[in-house]
Amino acid sequence: MRTNTYAIPIRTTMLGLLGVALIALGGMGAGAILERDPLLAQVGLSWLRYGHGRDLASMVLYLGLGLVIWAWIRLGRLVRWGEIGDFAVLVAVTVWTLPLLFAPPLFSKDIYSYLAQGQLALSGYDPYTVGPAVLQSTLSENVSWVWQHTPAPYGPLFILVAKAIVWITDASVILGVVAMRLSLAGGLVLLCWALPGLSRHLGGKSAIALWLVAANPLVLVHLIGGAHNDLLMIGLMAAGVLLVLDRRHVLGFVLLSLAFSVKATAVVIVPFLVWIWAARLEGDKRAQFRKALLPGLATFLGTFLVCTLIAGVSLGWIPALRSSSMIINWLSLPSAVGDFVRMVVNWFVYVDGGIFIGVARALGSVVLIWIAYTQWWASRDGEVRDAVRRGALTLLAVALLSPATLPWYFTWALALAAGFAWSTGALVTVTTASLFLLLVTFPNGDTALYSWGYLAFALVVSALAARSLVKPDPFGLSSRYE
């Protein structure tokens, strides 16, 4: 079937728009709302924060989530059938993003930490040595208790962005949330620019890549609605990778360094790109590697140094990366194994659970280093698809084997892997995983990973939605699809 390049599925796009509008509306009472919300109080809607009002807001929000999932699956069918192309997906992404830019924080309170870290820097504190609690401000009071005394684990570029936003908005929480989202949305723009080019190099279809990442509810709801700086990081990373594949190596490494200066994870893909650069140079293997490594390293470190100097911060964020180990959930395989062993042992004798978690995480780090090295060494021929594929697998391993894992961490690998050709089975699997990860956090930011009845329901919903991507009537209720 020939694709109608500029066709737009109006009903599907409007269905998603209705969904995100309901999510934004429901988030006013059920989201990660402020401790004291002056906006709700002024318009007489404070009742949405409590009791039956909160229950009603939750119902509206989950109805919106259902509509967004439905719209995304419908859009995916049209992409797979070749009825629409990149333009329709980009229109849907734009329309579905706009209401989320102005919604209350959804499924996470991390944005309050970002703003408080920016206020720390603006107030003369070092955000890499003290936590938001020292501020005793409107911004800091909304930070989750878990991070009140935790230094910032983010790079100098992000601290600079947060500092600028707090200055521009005069430390307003509501304006700060919107401004931070607008800044992070730049990562989505970069993703939408990079994905077609990555697909061209990696053999996939650009419309599927855009649908799988940019229009994915996991990205829109968690990275836009939840306002996570991962979005800016993966946007810069994807754009940097594309520039390297397009033989604009130096500029690509500049963007990769900027991505690292937002969040450290971006550094994982860099060694794989050195092989790609080296394979295009003259000389034997050692000479090629040296000729690529030296300018690549100089560009990467030089850009990072400039960011650090402009931001006026130290390297304290690198040891602060350990702070994430405070999170314990079973999305991290080492944490899951350690917690399971602790539970079994404690059936017979009480032993401090931290021992098992610590040992499992140490072993997980060893396995991760082994995977990263073997994948990197196996890509030494510098073949583009092989190197990027192995880099994406390593990013997936980082998400799975890190001491702490959160649902949106899996977008790191997906941002690059989306450019490959996908089999039907793989597409269904990733769709199921995306929707399940979307649902394993409650709208107020609390984890649902230990609410087993809810998780079972979420898994069934996710699997049925993914199945309907390839079989629009999974229950066989309509004769139209027989």
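Reader: How many salt bridges does a search of the whole structure find?
Author: Six, in this predicted model.

Reader: What makes Asp246 and Arg200 a salt bridge?
Author: The cut-off is a side-chain nitrogen of Lys or Arg within 4 Å of a carboxyl oxygen of Asp or Glu. Here N to O is 2.9 Å, so the pair counts. The two partners are 46 residues apart and link distant parts of the chain: Asp246 is in the loop between helix 11 (230-245) and helix 12 (249-260), while Arg200 is in helix 8.

Reader: Why is Arg200 called exposed?
Author: Exposed means over 50% relative accessible area, and Arg200 comes out at 54%, so it gets the label.

Reader: And why is Asp246 called partly exposed?
Author: Its relative accessible area is 28%. Buried is under 20% and exposed is over 50%, so Asp246 falls in between.

Reader: How do you know that Asp381 and Lys285 form a salt bridge?
Author: Their closest N and O atoms are 3.7 Å apart, and the limit is 4 Å, so the pair qualifies. This one also links distant parts of the chain, 96 residues apart: Asp381 sits in the loop between helix 16 (353-378) and helix 17 (384-401), and Lys285 in helix 14 (residues 285-311). Asp381 is exposed at 56%, whereas Lys285, at 47%, is partly exposed.

Reader: Where do Asp339 and Arg342 lie?
Author: Both are in helix 15, three residues apart, about one turn of the helix. An α-helix has 3.6 residues a turn, so residues three or four places apart point the same way. The closest N and O atoms of Asp339 and Arg342 are 2.9 Å apart, and they form a salt bridge. Asp339 has 22% relative accessibility and Arg342 has 26%; both values lie between 20% and 50%, so both residues count as partly exposed.

Reader: Which residues are linked in a network of salt bridges?
Author: Asp386, Arg389 and Arg390.

Reader: How do you know that the span of helix 4 agrees with what it should be?
Author: At 1.5 Å a residue, its 16 residues should span 22 Å, and its end C-alpha atoms are 22 Å apart, so the two agree. The buried residues of helix 4, including Trp96 and Leu100, pack against helices 1, 3, 8, 9 and 10.

How values were computed:
Residues numbered from 1 in each chain as written. Predicted model: local features only at pLDDT ≥ 70, side-chain atom pairs only at ≥ 80, totals over all residues. Heavy atoms only, no water. Helix = DSSP H or I, 4+ residues; strand = E, 2+ residues; numbered from the N terminus. Expected span 1.5 Å × (residues − 1). Buried < 20%, exposed > 50% of the residue type's maximum accessible area, 1.4 Å probe, protein only. Contact = heavy atoms within 4.5 Å.
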